Amino acid sequence: MHNVPCDRERVAQLLSNLVANAVAHGDPQGPVEVNAQINDGHFVLSVKNQGLIAEDALAHLFRPYSRPASGTPQTGLGLGLYIASQIAQSHGGKLDVVSTGPQGTTFTFSLPVQA
Ligand SMILES: Nc1ncnc2c1ncn2[C@@H]1O[C@H](COP(=O)(O)OP(=O)(O)OP(=O)(O)O)[C@@H](O)[C@H]1O
Ligand SMILES: [Mg+2]
């Protein structure tokens, strides 16, 4: 059993933003996979969907109001990922994204925890 000290409402908001994005912007035919584990001294929470984010958009995805020109119809203000990354950083953690070929798109929140 591990404790993950955090502001649980903010971390819930981070997860909610990522899941909402996977549902709204991912391939509607594909699954959304959520995974949480303690790995190598880190709490690691990831949300994965099918569908890719263009490489030029990836570079500034975590900036406020950042939306690819060819965004999905469900595109909102473009604040969700900025807020999620700020929540990650304010906990001393980080939010990363990998979007490649057949793997689809995975957002990963990583937070160091005490053993
Ligand atoms: N899981 C994902 N799969 C594919 N594209 C994504 C995914 N998450 C985000 N995107 C792309 O990145 C853009 C920015 O996401 P972000 O959550 O910051 O804003 P939003 O979802 O458009 O609006 P908001 O979250 O403010 O309602 C999205 O508009 C979408 O184009
Ligand atoms: Mg969003």
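Figure 1. Phe-43 stands opposite Leu-111 of strand E4. The model shown here and in the following views is predicted. A further pair in this view places Asn-49 opposite Thr-105, a residue of E4. Strands E2 and E4 run antiparallel and are joined by eight bridges.

**Figure 2. The four-stranded sheet.** The sheet is open and has the strand order E1-E2-E4-E3, with antiparallel pairing. Its edges are formed by strand E1, residues 32-39, and strand E3, residues 94-100, each of which pairs on one side only. On average, and with direction ignored, neighbouring strands of the sheet are turned by 15° against each other. Helix H1, comprising residues 8-25, packs on the sheet and touches E1, E2 (42-49), E3 and E4. The direction of H1 makes about 20° with that of E2. Helix H3, comprising residues 80-90, also packs on the sheet, where it touches E3 and E4. Its direction makes about 135° with that of E3.

**Figure 3. The hairpin of strands E1 and E2.** Eight bridges connect E1 with E2, and the two strands run antiparallel. Within this pairing, Val-34 has Val-47 of E2 as its bridge partner. Two residues lie between the strands of the hairpin, and Asp-40 adopts a positive phi near 55°.

Figure 4. Strand E4 spans residues 104-112 and is joined to E3 by seven bridges, the two strands running antiparallel. Asp-96 has Thr-108 in E4 as its bridge partner, while Lys-94 is partnered by Ser-110, likewise in E4. Three residues separate the strands in this hairpin, where Gly-101 takes a positive phi near 25°.

**Figure 5. Packing of helix H1 against helix H3.** The axes of the two helices come within 9 Å and cross at roughly 145°. The crossing of H1 past H3 is left-handed. On the H1 side, the contact is made by Arg-10, Val-11, Gln-13, Leu-14, Asn-17, Leu-18 and Asn-21. These residues meet Gly-80, Leu-81, Ile-83, Ala-84, Ile-87 and Ala-88 of H3. By class, the contact between H1 and H3 consists of eight nonpolar, four polar and one charged residues.

**Figure 6. The surroundings of ligand 1.** Ligand 1 is surrounded by 17 residues, of which the closest are Asn-21, His-25, Asn-49, Leu-79 and Leu-81. Asn-21 belongs to H1 and Leu-81 to H3, and both residues also take part in the contact between these helices. A nitrogen atom of the ligand lies 2.8 Å from a polar side-chain atom of Asn-49. Asn-49 is also the residue that stands opposite Thr-105 in E4.

**Figure 7. Backbone contacts to oxygen atoms of ligand 1.** A backbone N or O atom of Leu-79 is found 2.8 Å from an oxygen atom of the ligand. At Gly-76, a polar backbone atom is 3.1 Å from an oxygen atom of ligand 1. Leu-79 is one of the closest residues around the ligand.

Terms used: Residues are numbered from 1 along each chain as its sequence is written. Chains are lettered from A and ligands numbered from 1 in the order in which they are written. This is a predicted model: local features need pLDDT of at least 70, side-chain atom pairs count only at pLDDT 80 or more; totals for chains, interfaces and linings use all residues. Side-chain values use heavy atoms; hydrogens and water are left out. Two strands pair if DSSP finds at least two bridges between them. Axes are lines fitted to C-alpha atoms, for helices over the stretch in contact, and angles run from 0 to 180 degrees between N-to-C directions. Contact means heavy atoms within 4.5 Å. A crossing is left-handed if the near helix is turned anticlockwise from the far one by less than a right angle, and right-handed if clockwise. Ala, Val, Leu, Ile, Met, Phe, Trp, Tyr, Cys and Pro count as nonpolar, Asp, Glu, Lys and Arg as charged, and the others, Gly among them, as polar. A residue is near a molecule or strand if one of its heavy atoms lies within 4 Å of it. A polar contact is a pair of N or O atoms within 3.5 Å; within protein, one must be able to donate a hydrogen and the other to accept it, and residues adjacent in sequence count only if both atoms are side-chain atoms.
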